[in-house]
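Please look through the sequence and the coordinates that follow before reading on. The paragraphs after them lead through the fold step by step.

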Amino acid sequence: MFCPVCNGLQPINAACANCDLAMEDWGRMTDWIGPYAPYVPLETDMTSLDQSADDKNCLHIVYCPSCQRTVEAAVAEWGSPH
Ligand SMILES: [Zn+2]
Ligand SMILES: [Zn+2]
């Protein structure tokens with residue numbers, strides 16, 4: 001399993017729940033919650049967040065430049081080909 005967004009194979013395709021603008025990928029959440037990562041305030045009002053605990057998803061931080069807010073986005077990982 002690998003994340004197509006982390007590997008540069010597809011854009012994050014996350015739309016802001018507030019203004020519907022395409023959101024920027026800020027990378028994996030695990031890169032942000034490391035010991036030296038800056039604190040990123042998260043809002044959790046995205047409807048897709050039920051899946052955030054699923055380990056088949058790669059959790060990303062996405063940013064809306066219009067609303068200037070960050071939210072979590074779960075990216076479905078791809079199965080590796082045989
Ligand atoms: Zn990823
Ligand atoms: Zn927005």
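**From a leucine to the sheet**

Leaving aside neighbours within four places in sequence, Leu21 is in contact with Ala15, Cys16, Cys64 and Ser66, where two residues count as in contact if their C-beta atoms, placed from the backbone, lie within 7 Å. Leu21 belongs to the segment before β1, and the C-alpha atoms of Leu21 and Pro65 lie 8.5 Å apart in space although the two residues are 44 residues apart in sequence. Leu21 counts as partly exposed because it has 13 C-beta neighbours inside 10 Å; on this scale a residue is buried if 20 or more other C-beta atoms lie within 10 Å of its own, exposed if 12 or fewer, and partly exposed in between, with C-beta atoms placed from the backbone.

All of this is read from a predicted model, in which local features need pLDDT of at least 70 and side-chain atom pairs count only at pLDDT 80 or more, while totals for chains, interfaces and linings use all residues. Residues are numbered from 1 along each chain as its sequence is written, and chains are lettered from A and ligands numbered from 1 in the order in which they are written. The protein chain averages a pLDDT of 80, and 67% of the residues score at least 70, pLDDT being the predictor's confidence in each residue, from 0 to 100. Over residues 46-53 pLDDT stays under 50, and the model has 14 contacts beyond four places in sequence for this stretch. Where pLDDT is low, the predicted coordinates should not be read in detail.

The sheet itself is open and is formed by three strands in the order β1-β2-β3, with antiparallel pairing. The strands β1 (24-28) and β3 (69-76) stand at the edges, each with a single partner strand, so one side of each is left without a neighbour in the sheet. Averaged over this sheet, and with direction ignored, neighbouring strands are turned by 35 degrees against each other. Strands here are DSSP runs of E with at least two residues, numbered from the N terminus, and two of them pair if DSSP finds at least two bridges between them.

Strand β2 (residues 57-64) pairs with β1 in the antiparallel sense over three bridges, and the bridge partner of Asp25 in β2 is Val62. Between β2 and β3, which also run antiparallel, there are eight bridges, and Asn57 stands opposite Ala76 in β3. The hairpin of β2 and β3 has four residues between the strands, and Gln68, which lies in this loop, has a positive phi of about 55 degrees although it is not a glycine. Gln68 counts as exposed, because it has 7 C-beta neighbours inside 10 Å. A positive phi near 55 degrees is also found in Asn13, which is placed in the segment before β1 and is partly exposed, with 13 other C-beta atoms within 10 Å.

What makes up the largest nonpolar core? It consists of twelve residues, among them Val5, Ala14, Met23, Ile61, Val62, Cys64 and Val71, a nonpolar core being a set of buried Ala, Val, Leu, Ile, Met, Phe, Trp, Tyr and Cys residues joined through C-beta atoms within 7 Å. The elements that give two or more residues to this core are β2 and β3, and β2 provides the largest share, five residues.

Key: Axes fitted to C-alpha atoms, helices over the stretch in contact; angles between N-to-C directions.
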